[in-house]
Each structure stands twice: as C-alpha cells, then as structure tokens.
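Look over the structure below before reading on. Then work through the questions and answers.

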Amino acid sequence: MSECCCANKTSDLSLLDDVMEKYASVEGSLITILQHAQEIYGYLPIDVIYYVAGRTGNSPAKVMGVATFYTQFRLQPVGKHLIMLCKGTACHVNGANSIEKAICEELKIKDGGTTEDGLFTLKTVACLGCCSLSPVMMIGEETYGSLTPAKAVEILGDIRAKEAAQ
Amino acid sequence: MMKAIVGEGSCGLAAGAGKVYAALEARNTGKYEMGVTGCIGMCFLEPIVDIYEGKELKQRLVRVTEGDAEDIAAAMESGDLSGVERLFIQDEDADFLNQQTRIALRHCGLIDPTSIDAYIEEGGYEAIRKVLTTMTPEEVIEEIKISGLAGRGGAGFPTWFKWNACRQAAGEPKYLICNADEGDPGAFMDRAVIESDPHNLIEGMLVGAYAIGAAEMVVYVRAEYPLAIVRLEKAIAQAREKGFLGENIMGTGFSCDMRIKAGAGAFVCGEETALIASLEGKRGMPRLKPPFPANSGYNLKPSNINNVETYANVAWIMTNGGAAFSAMGTENSKGTKVFALTGKVKRGGLVEIPMGKTLRDVIFGIGGGIREDKEFKAVQMGGPSGGCIPASLLDTVIDYKALAATGAIMGSGGMVVMDSSTCMVEMTRFFLNFTTNESCGKCVPCRLGTKRMHEILTRIVSGEGKEGDIELLEELCLAIKDGALCGLGQTAPNPVLTTIRYFRDEYEEHIKNKKCPAKECTELLQYRIVEDACKGCTACARKCPVQCISGEAKKPHVIDQSKCIKCGNCIATCRFDAIVVE
C-alpha cells in the first residue's frame, strides 16, 4: 500500500469524529457519511475513502463504488465558486448550450474544469428544478434565472470583482 | 393592518423573493405585517407579493423587485394600494389559477409552509384523526380504491393495490417510503409540494402507514432540493412536537415516525428497487422484480413506495371521500394531475387540472400559447421516459391510456413545450445523452443500447447521418425496450420512437439533405452575408474568432465557408441584420 500515491494524501481525519460516532455503526449510512465528509473537505480525498471504509467495515472498493456512482460526489477539489449550470429539458429548449459556451469562453475551462486561479469550477447538471426561469445556473447557494450569454458573463465578472476587492 | 405575504418557493427565491422580503422587512416600522408562503405556481410572475387585509386577499403584486419595496411599504401603511397599481396582476394572468382545480396543491402558495398551525387552521391533521379514530386499515384501503387514485410518479399503478399487497405481506417491520427523487429534467411538482405544504405530505404518508401497518416512514429527497429538505425537516419536528408523529399518535396507540434520506444524484434511483438500494447505502442499481418491494423491499422487509404527489392527494381523499375524487376525471384516470408547464410557453408554472382535459386546454388555455406567438411544434411529456406529442394530437385528453396511445406517457408531469425553433432530432439526442449518462450500467441493453443510439443521433445532427440510420434506431429501440432490466432502460427509447413517428421528415432532412429545418444543429448551418444589406462596417470581421470574414471597409463582406466554425458571433454583432443562417 505504501507505494501507492494515494497514501501521500494526509487529510485531517479527526474532523470526521462526530460523523463517525453518529453513523459508523448504523447500517446503510454510507451515503450519509460520504455526504458529510464532502461537506467537511469540499470533496472526497482518497485517504478519507480508505478511512471511511475501515470505520464502516466496507471494502475501499465498495466505498469507491458508491462515491463514483452518484453525481453529487467529487473526487477532486473544486474552485471557490461552484457553478452548476442547468442543462435540463426546459433550459435546453431555452438555450442552455449558448450559456455554457459563453461561460466556457469567459473562464477558459470546459465542463468539469476549474479555472487556473481556483476561483470557479463549472459543472453542468441535469435539472435544478427552476424550469420556468430557464436557462438557470446556481453559483453556491444563489440561483440565477432567465440567463442570456451576456448576463451569465456579467454575473461571473461581478463575482470576480468582489473577490478582487477583498 | 395589512399583511404582505412573499412567495418563497425555490423559483420565487431564484427570481429575487428573498431580497424583496428583506427590503420590505427593513422598511417595516410596525405599520404592516409580514409573512411567507410557498410556491403559488405562477413562476412566470415571480417574485409575487400578496397583500392581505385580515383573511382577505386584497391584491396580488407580481414581478416585484427590491426597488418596489418603498412604494409597497408606503401603500400598505396608508391602506391605499393605488400607488403600486403597476404591479397588480393582470386579469389574463390571474386566469392561470382560475382555470385550475387544486387538490394536491390546495395549500401551495396560500399557507405558511413553516408553520404547523397554519396547516391545522386549514383543517390539517383532521384526516389522520378521522382515520385513526374511526376507520380500520382495510376501510382506508377501500376508500383509496373507491377514489381510483393511481401512482403519480409516472406508471399510474393503482395505489390501493400496492397498499393492500404490502398490508397482506408477511414480515415486520414494514416501511412506507416516499419517492421524492424528482430526477426527470423539466419537472418540479414534488419540490413545490414539499416546499410549500410539507405537512400535507406527512399527513398523507401517515394515512398510508396506518393502512399498511408501517412503523417507519422514509422520504427519499434529491440532494439538489436543499430548501425542500430544510422545510420538511422543520415540519417533521413540529409534527413530532404536536404528537402527530412518534409513539401513540393522538392517543390512539398507533406509532410511526418519519425521517429524511437525502439522495446523492442518480436518476435511476427513481426506480423503486434502485431507490431501496440507495436507501441501504449502496449503489442505486435496480434488480429484477419479483419479488416486489411489497414483499421484500427496504432491508428485505415489506415496503410501500409512492410518489410525493400521490401522497399529497390522500388527506384530501380521506376528508372528502373517495367518491368525490373519482367524480373527477375519465373512465381510466381519476382525480387531478399536476403538471410542470415549461419551455416556450407564455405562462409557465404549476398546473393542476382534472384528468380528461386536453393538452390544448393546458398549453393554450392555461399556458396562454406559445411565446412571441410562434407556431406550436410539440410538447414533450414524461421526460427521458416519455415522448414528443405533435400539434396534430393537441386534442388528446389527459388520461393514462390516451397519452400512452400517442407513444408518450403521463409521466411524473413534466410538460415542456417546443416551438418551430426546436430541432426534434437534437432534442432526442439531448434525452439520449441524459439516459446514457444515467444508465446504471447493470444490464447490457440499456448500458450499450443507449450509448449506440446516442452515437447515431450525434452523427445525424452533425451532418454525418447515413441511409438506414432511422431503421437502425428503430431496431435498437425495440431490442432495448424488450431487453432492459428496469423502467429506465425500457422507456429510454420512447423519445426516439415518438420523434421518428411524428417527425420522420426532420430526420430525413438531416440525413439526406444535411439540413436542420429548425436551424438549431450548428454543423448543418451556413452563415451568409447578404450583399445588399451589408454596410461594410467591419464589426463582424473583427469579432470573428477564426478571421474567416473578409472585405474592404464600406463594401460588402464575405464569409469563407471552409473556415467558418459557426459560432454565431457575427450574427450577434451585426447591427444591420445583414447576416442570415441557412
């Protein structure tokens, strides 16, 4: 195991103590544990996967299987602002593709990518459920509706400006 | 004193309702009251502020912005609303609600979803009281049978039958599960119910739990609905405190508790056996049925799974009687159905109507027709499992059988309207892209079949379609329908089959003539500068990322078709409408 590059990761596993105490021995809690872990670390570092496996009595393969099955889980860190661009049916019909193009051009990244400065990660998602405001994106907890390519770029610019001011 | 109620569903908040509320609150010097409600369903008018005087709705203000807060505050203080007349809802927009019959959504947008007292005031928790104190579980199931209530998640299976099977099944404990994994892109009915009237869901589930003899209830909610989870958590805590959940409910000896399980994002988890696997903390992969969940479900115990909207009808049925519910609708489909009307329609939002109305009633009557009065082309129903219904079938009645006959399905209620600018082949490719990504990979027909169909469709929209592609798609569709393990795979061919059935000519245009009639498939388009209209301003040439536009200043320019990447920058830049797409 020690030759494996994953072993080099050193996350602070004590952050998971509360979660483990509550769920480690409750059967069927694997997804819940991973959700909490992702909230803590921002993603699922590989050593956390091993740790969760050990504590819950699952094989690392099983935990990895669950982590890769669900779209919510990330195995890589994301930028400071996660852009979730909706590509559901209503957004598709109302031009989500042109929004994606504009964002990709503006940030010079592709779907799933993170900007060099680590500020933005773009992720397209199936449906945010705000169909009547389509096309829609969410950045963090904030939802932006009735987008146009220009409006999307403007929103990104505003966030950038705010970050620069800080 | 007047009271301002701000609609704070997810749509409203996305449109800025939170800021409007904060702005009104900041100006409140005790001369008016404030409150929140859930989603009224008129998403096209958000943010909405209802002004009440006592119990009476004085005026509904629409498309309110923070900037209007000052005027609204002044109007409420003076008791004279004429100062904000510009925000009054128009009669034709108000018609959106007047044409509906609301049962599942009966409290949505009217009561405060964060207050159990608001629900109780509207007669809430009386249905469960009646059930627990005067009815046997068998009588409850009989009443649901009389109502004709069928599963609103899409398949339309009779609810009483499921409940009865679970009641009869041997094994303890039994579980009652709510499927709130609303993964169908284009649908948000379940989210609205949970966000706007969570106690109605709890009460409906309690009735079901009593009927099947369940000791625990679980709501499986998609993680993408954070507000729904927060509101439901709060509602559960309130219900527990009031003794509607937990041990010995209302002193009747019946005990049942409820918890939420947040999903982690997988469309296939809408399938009940996959949902159960996910609840157990595993990969959400479906399995063969039988055994059915009624006999061997969650933790291998008898389990009953229904959709949010199904449960949302139950308390009403118990209060008003099954016959009142079955009095609405058609021979095969009873009661009402909620639709999420979106796409190129003028008035989009949540629509609840009795079964038996036509698609035309919904899209043109309630929805007000197509934006910019363009031509209606098709309506997509049932999402990735459903199909596209063309204009010629607009008078199809909303009924499980009638919709299935078109090749589409009732589905969970997503209704996405498309006009002439939507390419049906590209639309189909979009759905297959979705099902390819969401296929769990367990069975070959779905895992590989959807991928192959997606490849063929991608080829067609990029101008590389071949003679025989349509027939090959049809062959694949039938094989996947027959061979796939679960509902996801079995229904994945529906978008392909319906678009080939109704829009075969569009496929042929793409394949034979390499043209996209809707002008959506960029690789089949040609941008051309109209010589007479071009002023030679050079704006387009400067915007072109590949420098394929050339010409002298003040003289007509030309586009080098061999270099053009069809990005559309030039057309967006031109101020003289001198560039056309063909």
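## Loops, strands, cores and a pocket

H107(B) is found in the loop between α4 (91-98) and α5 (116-121) of chain B. The model is predicted.

Q: Is H107(B) buried or exposed?
A: Buried means under 20% relative accessible area. H107(B) has 7% relative accessibility, so H107(B) counts as buried.

Q: Which residues does H107(B) touch, not counting residues up to four places away in sequence?
A: Contact means heavy atoms within 4.5 Å. With the residues up to four places away left out, H107(B) touches Y119(B), E122(B) and D197(B).

Q: Which strand of chain B holds V221(B)?
A: V221(B) has 0% relative accessibility, so V221(B) counts as buried. Leaving aside neighbours within four places in sequence, V221(B) is in contact with residues including A180(B), I229(B) and L232(B). Its place in chain B is among residues 216-221, in strand β6.

Q: What separates the C-alpha atoms of V221(B) and H199(B)?
A: Along the chain, V221(B) and H199(B) are 22 residues apart.

Q: Is I353(B) buried or exposed?
A: I353(B) lies in strand β10 (residues 349-354) of chain B. Neighbours within four places in sequence aside, the contacts of I353(B) include Q99(B), T101(B), V362(B) and I398(B). The cut-off for buried is under 20% relative accessible area. I353(B) has 1% relative accessibility, so I353(B) counts as buried.

Q: What separates the C-alpha atoms of I353(B) and Y32(B)?
A: These residues are 321 residues apart along the chain. Between the C-alpha atoms of I353(B) and Y32(B), the separation is 35 Å.

Q: Which residues of chain A is T342(B) in contact with, leaving aside neighbours within four places in sequence?
A: T342(B) lies in strand β9 (residues 336-343) of chain B. T342(B) is buried, with a relative accessible area of 1%. In chain B, the contacts of T342(B) include G186(B), F188(B) and M415(B). In chain A, they are A90(A), C131(A) and S132(A).

Q: Which residues have the most contacts inside the largest nonpolar core?
A: In soluble globular proteins, nonpolar side chains tend to be buried together. Here the largest nonpolar core has 87 residues. The residues with the most contacts inside it are W163(B) and L206(B).

Q: Which helix of chain B gives the most to this core?
A: The helix spans residues 198-212. It gives nine residues to the core. The helix is α10.

Q: Which residues does L206(B) touch, not counting residues up to four places away in sequence?
A: Leave out the residues up to four places away. L206(B) then touches Y125(B), I128(B), M217(B), F244(B), L245(B), I249(B), F254(B) and C256(B).

Q: How many residues does the second, separate core have?
A: This core includes F69(A) from chain A. It also includes I276(B), V425(B) and C440(B) from chain B. The count is 65 residues.

Q: How many disulfides are there over all chains?
A: A disulfide needs two cysteine sulfur atoms within 2.5 Å. The sulfur of C86(A) is 3.6 Å from the closest cysteine sulfur, in C91(A), so the pair is too far for a bond. The sulfur of C570(B) is 6.2 Å from the closest one, in C567(B), again too far for a bond. Over all chains, the count comes to zero.

Q: Which helix supplies the largest share of the lining of the second largest pocket?
A: About 1600 Å³ of space lies in this pocket. Of its 45 lining residues, N97(A), S98(A), K101(A), T522(B) and C567(B) lie nearest its centre. Helices that each supply at least two lining residues include α7 (149-165) of chain A and α17 (424-438) of chain B. The largest share is nine residues, from α6(A).

Q: How many charged residues are in the lining of the second largest pocket?
A: Sort the lining by class. It has 18 nonpolar and 13 polar residues. The charged residues number 14.

Q: How much of chain A do buried residues make up?
A: Chain A has seven helices and four strands. Its C-alpha atoms fill a box of roughly 50 × 35 × 25 Å along the principal axes. Of its 166 residues, the buried share is 51%.

Definitions and conventions: Residues numbered from 1 in each chain as written. Chains lettered and ligands numbered in written order. Predicted model: local features only at pLDDT ≥ 70, side-chain atom pairs only at ≥ 80, totals over all residues. Heavy atoms only, no water. Core = buried A, V, L, I, M, F, W, Y, C linked by side-chain atoms within 4.5 Å. Buried < 20%, exposed > 50% of the residue type's maximum accessible area, 1.4 Å probe, protein only. 1 Å grid on protein atoms, 1.4 Å probe; cavity = no way out; pocket = protein on both sides within 12 Å on 5 of 7 lines; lining within 4 Å. Points joined across faces, edges and corners; volume = space filled by probe spheres on them. Nonpolar A, V, L, I, M, F, W, Y, C, P; charged D, E, K, R; others polar.
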